[in-house]
Amino acid sequence: MNLIEIKNLKKFFEISKGSFVHAVDGISIDIRQNEILGLVGESGSGKSTLGKVIAGLHGRSSGEVKYQGELLPEVYKASDFLRLSKEIQMIFQDPYSSLNPRMTVEEIIGEGLKIQGVPSAEVRKKVKEWLEKVGLQSEHMSRFPHEFSGGQRQRIGIARAMIVEPSFIVCDEPISALDVSVQAQVVNLLKELKDSFGLTLLFIAHDLSMVRYISDRIAVMYLGKIVECGDADEVFFNPQHPYSKLLIDSNPIADPQKEKLREFKSIEGEIPSPVNIPEGCRFAGRCPSASEECGKVTPQLKSIADGHEVACHLFK
Amino acid sequence: MAEKVLDIQNLKVEFDTHGGIVQAVRGVSYSVEKGKTLAVVGESGCGKSVTVQSIMGLIPKPPGRVTQGKALLNGVDLLSLSDKESRQYRGRDIGMIFQDAMSSLNPTMTVGEQIAETLQIHKGMSKQDALKKAVNLLDLTRIPEAHKRIKQYPFEFSGGMLQRAMIAMSIACKPQVLIADEPTTALDVTVQDQVLELMKDLQREEGMAIILITHDLGVVAKMADDVAVMYAGEIVESGTVDEVFYKSAHPYTLGLKSAMPSMERNSHTGLVSIDGTPPDLFNPPQGCAYTARCPAAMKLCRSRKVEIFSSESGHRSQCWLHHKEAPVSVTAPINRFSGAEV
């Protein structure tokens, strides 16, 4: 069962008259009920924009986003937010700037319920409950965000998203700002919540090892498009698209012997500007196996094995 | 034994704050040899950056102060010199690159001028010569079209390019030691790989020693010859990269390792986090600072300051479990030194 269906989604930002940033440029992907879909790619590839469009924080330029079969509005009105924020929530990257410093933890976590019109005694009870579920204590309610460490703040962010009991959460780099030992705490917490509440997650991150660990499937983005998508272990251990291969090979492994034996040439250059999109395959300019065709024709996602799709002319 | 280029001995640094005195660095010793890379790992707030900042004279005084210790650069103690005297070493013999290249460079100066500035100050070059040299340096750090790039400002560079420009600046005077403080934390893995490879190549060519501060064990595995693990202002374990990874001798190192996802197919469980938080350095614990989070903690750990134990090969660990009378029944899968010495 697909919880979310995305068809040919585009999101452009106008930067000056007639010139656009093609942040998300024609993405079609389904997110299945109760799965964790990992979304990886370099900065500037459009992964956060995709997440924000799904959560309604950005309107879309064209294309469709369906939630449980229902076509979501192109641009959300206040009433849409009121209705859909019970279903779709978001956890943000920076636990320092995403919490209002002038609100107490109780106000931050309880705000969602309050807006839904839940009586304040009930809100208070729920906030207490959720603080404990995410591993904080109920006496933390009256404190302010600055009194917490990064990992604790991310837990507050998780409690804030979870309290309305959504079925889908967009996690936008939820662990990037945290220390290794704390990353594990947050990842384990997300996994637990997913299992006990039947959640579906879009997990955006650039730490590939962690994404592989937590995800059921992985989608690799490059310059506004998905270039490869499939089972997490397949994509990580058996990547097919030249870009996915290079991306995964750049990820250093915490094993000195393996690192010494590894022969890998760094990927050349950097991600091109999303304003002037090159014709044909977007990766052709940096691709070691690019041919003439790649500079002309844009490759489409094709299935190469069960559930494993790649957008590359190497696969006919 | 290769020569130690930079040798830090028992360094202690504290800061005055409204809440009292923070003991950020509490007796750190490490050294790095010519042509080798020492990685310093640890969580945020463990003092790994403050250690190197104090050597470079970068901590604001007040509120900060070095209360004890030496930092010997080829035998010269940098910490005993006056600001003016130490200035000739800093930037010339020790180069430093920082995590956030965008905020570390001057936005109102061109990249070329900033690189040239180092050469003008330390080598007495004319601005013209220094700018010429700056082009070479940018070439060396593989920035395309270097002659155009030196006339640009930092905002015209991407994150990876800025980090290269900063490397160019730090190696301008052919330093003997390059300190890299989380140089790739803000970069994508692909660009991180380019920057790390660049540092390796430069090290091979120039033979400089590198102190690499990071919290990413993958980066450590890729770059380091030796590793020092820091926790709450102290070094808890140090040794060669193989010793620290494969024969970990401190429960904290083990904890860090098991908090990393395994790299085996079908393993999607078993990530072990280190519960709790590091101790308050306003009032550091009497005994071992890791006691509160340590799965193998004993009564003794709480009350008595830990000694540093060392194996025959020089692998060191600050943990009571290496004491010859430590009970064998305490289960911690650490590598216990046989015939450990204090």
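1. Along the principal axes, the C-alpha atoms of chain B fill a box of roughly 70 × 55 × 45 Å.

2. This is a predicted model, in which local features need pLDDT of at least 70 and side-chain atom pairs count only at pLDDT 80 or more, while totals for chains, interfaces and linings use all residues. Residues are numbered from 1 along each chain as its sequence is written, and chains are lettered from A in the order in which they are written.

3. Chain B contains 12 helices and 12 strands, these being DSSP runs numbered from the N terminus (helices H or I, at least four residues; strands E, at least two). Of its 342 residues, 50% count as buried, that is, with 20 or more other C-beta atoms within 10 Å of their own, C-beta atoms being placed from the backbone. Among contacts in chain B between residues at least 6 apart in sequence, 64% join residues at least 24 apart; a contact requires C-beta atoms, placed from the backbone, within 7 Å.

4. Helix α1 of chain B (residues 48–55) has 8 of its 8 residues buried, so it is largely enclosed by the rest of the structure. Among them are Lys48(B), Gln53(B) and Ile55(B). Just after α1(B), Gly57(B) takes a positive phi of about 70 degrees.

5. The largest nonpolar core has 196 residues, and those with the most contacts inside it include Leu202(A), Phe203(A), Val177(B) and Ile211(B). Such a core is a set of buried Ala, Val, Leu, Ile, Met, Phe, Trp, Tyr and Cys residues joined through C-beta atoms within 7 Å. Leaving aside neighbours within four places in sequence, the contacts of Leu202(A) include Ile31(A), Leu37(A), Ile54(A) and Val170(A).

6. Between the chains, 32 residues of chain A are in contact with 35 residues of chain B. The largest share of the chain A side, 7 residues, comes from α6(A). By class, that side has 14 nonpolar, 11 polar and 7 charged residues (nonpolar: Ala, Val, Leu, Ile, Met, Phe, Trp, Tyr, Cys and Pro; charged: Asp, Glu, Lys and Arg; polar: the others, Gly among them).

7. Chain A is assigned domain 1 (2–87 + 166–180 + 195–310) and domain 2 (101–165), with bounds from an automatic or database domain assignment. The C-alpha centres of these domains lie 30 Å apart.

Note on methods:
A residue is buried if 20 or more other C-beta atoms lie within 10 Å of its own, exposed if 12 or fewer, and partly exposed in between; C-beta atoms are placed from the backbone. Two residues are in contact if their C-beta atoms, placed from the backbone, lie within 7 Å.
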